[in-house]
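Subject: Handing over a structure, with notes

Hello,

Here is the structure I promised to pass on. Please have a look at it first, and then read on for what turned up.

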Amino acid sequence: MTTTDPYAASARETTEGRVYTITGGDWDDIVAGSPFEDERLVLNMGPQHPSTHGVLRLVLELEGETVTEATAVVGYLHTGIEKNLEFRTWTQGTTFVTRADYLSPIFNETAYCLAVEKLLGIQVPERADVIRVIMMELNRISSHLVWLATGANELGATTPMTDGFLDREYILDIFEKVSGLRMNMAYIRPGGVAQDFPPGTEDQIRDFCQYMRKRVDWYHGLLTGQPVFQSRMKDVAYLDVEGCLALGVTGPMLRAAGLPWDLRKTMPYCGYENYDFEVPTHTDADCWARYVVRMDEMRESLKIIEQALGRLEPGPVVVEDKKIAWPAQLAVGLDGMGNSLDHVRKIMGQSMEALIHHFKLVTEGFRVPAGQVYAAVESPRGELGVHAVSDGGTRPFRVHMREPSFINLQAIPALTEGGLLGDAVVAVASLDPVMGGCDR
């Protein structure tokens with residue numbers, strides 16, 4: 001059986017093998033072939049457009065100012081994270097998954113580690129679970145602040161843009177204090193977390209909660225009653241519960257349509273069943289409803305954080321099994337996070353066996369029993385799931401992420417077709433997509 005190489009015309013032989021030169025060639029196909037070719041306008045929006053939330057490309061067919069057909073084109077930010085995981089140890093995998101949805105790295109790490117821990121059959125210490133909850137809810141607020149800042153800016157409101165990012169800085173300062181890094185921390189590890197809260201962290205988080213509660217009120221006072229802000233979002237990009245379920249849409253989009261589906265309540269993890277909080281919902285199923293739901297979610301996250309601070313009891317932050325947990329005590333180093341040199345010097349000086357074990361555990365990793373599992377968390381954008389497969393080795397056989405940004409983008413045609421071009425910007429903003437997670 002012979003196959004035809006569709007790219008043969010662009011191929012050339014080199015000393016390194018065959019090299020292809022591939023260029024985008026779909027535009028002529030998109031704009032040609034219609035009996036109404038002379039009467040329609042096809043607009044290419046993105047992938048560099050500031051209102052597409054990253055490198056998202058929208059191909060919009062217009063009739064006047066009305067969108068008659070919308071196509072989302074993704075893949076411009078493909079990083080090969082899932083494939084790279086197959087060539088790293090299970091612990092090293094956190095460094096890759098944290099960079100998928102770069103606005104909510106803690107959720108990527110937690111979902112991945114929950115899957116690894118399910119394969120290992122281990123339970124992390126209570127303090128580690130509480131720390132994970134605190135870090136996730138802080139991350140939820142910081143992600144929603146970016147959504148609020150960028151979404152309002154796309155409607156012409158620049159004050160929420162600057163203030164949203166300034167408020168987010170308070171959370172990033174906490175992340176930096178705890179992990180040494182502001183984003184993509186790889187702080188959640190299989191078996192627990194990389195290190196305990198440094199002294200003063202709990203007081204800093206409490207101060208932030210008091211500050212942020214006033215700031216949410218301030219944002220409401222600035223935006224919620226503003227008639228232009230309301231008119232740009234009310235009755236725009238309608239998608240009801242049936243449409244959300246048919247398209248697999250989850251998160252604030254689904255809750256804004258009236259269904260209180262939140263994995264923290266429906267399928268609890270990390271001890272969320274022990275916290276008292278509400279699942280905000282709305283029934284209008286439009287951009288305004290999504291705005292209200294996300295604003296209410298920030299309030300609920302503050303409630304969870306304060307409860308979690310009260311549940312922090314002294315104890316280990318990683319499993320006691322030294323075949324899984326690194327023997328070196330971690331501390332913030334010049335590189336952001338590194339091993340405590342004093343502890344490494346101690347094990348090198350007193351026990352050659354301990355040194356060998358430490359070396360093999362860090363370089364080779366631990367073995368994970370063969371099997372496959374699925375673990376999911378409620379990220380700021382919806383259900384973030386990790387399907388992990390192990391063949392019994394020290395590296396993942398396969399890891400696939402069920403990323404909500406990728407799934408939710410399927411709703412773009414339903415949200416935009418039949419509406420105005422200007423409303424397409426609002427519709428995409430209400431989805432809150434992050435292309436790093438979509439293309440991963």
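Let me start with the cysteines. Searching the whole structure turns up 0 disulfides, a disulfide being a pair of cysteine sulfur atoms within 2.5 Å. Cysteine 113 takes part in no disulfide, and the nearest cysteine sulfur, that of cysteine 270, lies 9.7 Å away. Cysteine 113 is buried, at a relative accessible area of 0%, and cysteine 244 is buried too, also with a relative accessible area of 0%. Buried here means under 20% relative accessible area, while exposed is over 50% and partly exposed is in between (1.4 Å probe, protein chains only).

Before the rest, a word on what you are looking at. This is a predicted model, where local features need pLDDT of at least 70, side-chain atom pairs count only at pLDDT 80 or more, and totals for chains, interfaces and linings use all residues. Residues are numbered from 1 along each chain as its sequence is written, and side-chain values use heavy atoms, with hydrogens and water left out.

Now the helix packing. Helices are DSSP runs of H or I with at least four residues, numbered from the N terminus. Axes are lines fitted to C-alpha atoms over the stretch in contact, and angles run from 0 to 180 degrees between N-to-C directions.

Helix H5 (residues 126-154) packs on helix H6 (residues 158-179) at an angle of about 160°, and their axes are 8 Å apart. That makes H5 and H6 roughly antiparallel, the word used for angles over 145 degrees. Their crossing is left-handed, which is to say that the near helix is turned anticlockwise from the far one by less than a right angle. Among the H5 residues that meet H6 are Met135, Leu138 and Ile141, and the H6 side includes Met161, Phe165 and Ile171. Contact means heavy atoms within 4.5 Å. By class, the contact of H5 with H6 holds 14 nonpolar, 6 polar and 2 charged residues. The classes are nonpolar (Ala, Val, Leu, Ile, Met, Phe, Trp, Tyr, Cys and Pro), charged (Asp, Glu, Lys and Arg) and polar (the others, Gly among them).

H5 also packs with helix H12 (residues 287-311), at about 155° and with axes 9 Å apart. This pair is roughly antiparallel as well, and the crossing of H5 and H12 is left-handed. Its contact residues divide into 16 nonpolar, 2 polar and 7 charged.

H6 in turn has helix H7 (residues 201-224) as a partner: the axes come within 11 Å and cross at roughly 170°. H6 and H7 are therefore roughly antiparallel to each other.

Two more spots to look at. In helix H17 (residues 421-431), 8 of the 11 residues are buried, so this helix is largely enclosed by the rest of the structure. Val425, Val426 and Leu431 are among the buried ones. Aspartate 432 follows H17 and has a positive phi, near 55°.

Tryptophan 90 sits in the loop between helix H2 (81-84) and helix H3 (93-97), and it counts as buried at 1% relative accessibility. Leaving out residues up to four places away in sequence, tryptophan 90 touches Tyr112, Leu119, Pro190 and Phe366, among others. Arginine 367 is 277 residues from tryptophan 90 in sequence, but 8.5 Å from it in space, C-alpha to C-alpha.

Happy browsing!

Terms used
Helix = DSSP H or I, 4+ residues; strand = E, 2+ residues; numbered from the N terminus. Parallel < 35°, antiparallel > 145°, perpendicular 65-115°, else oblique.
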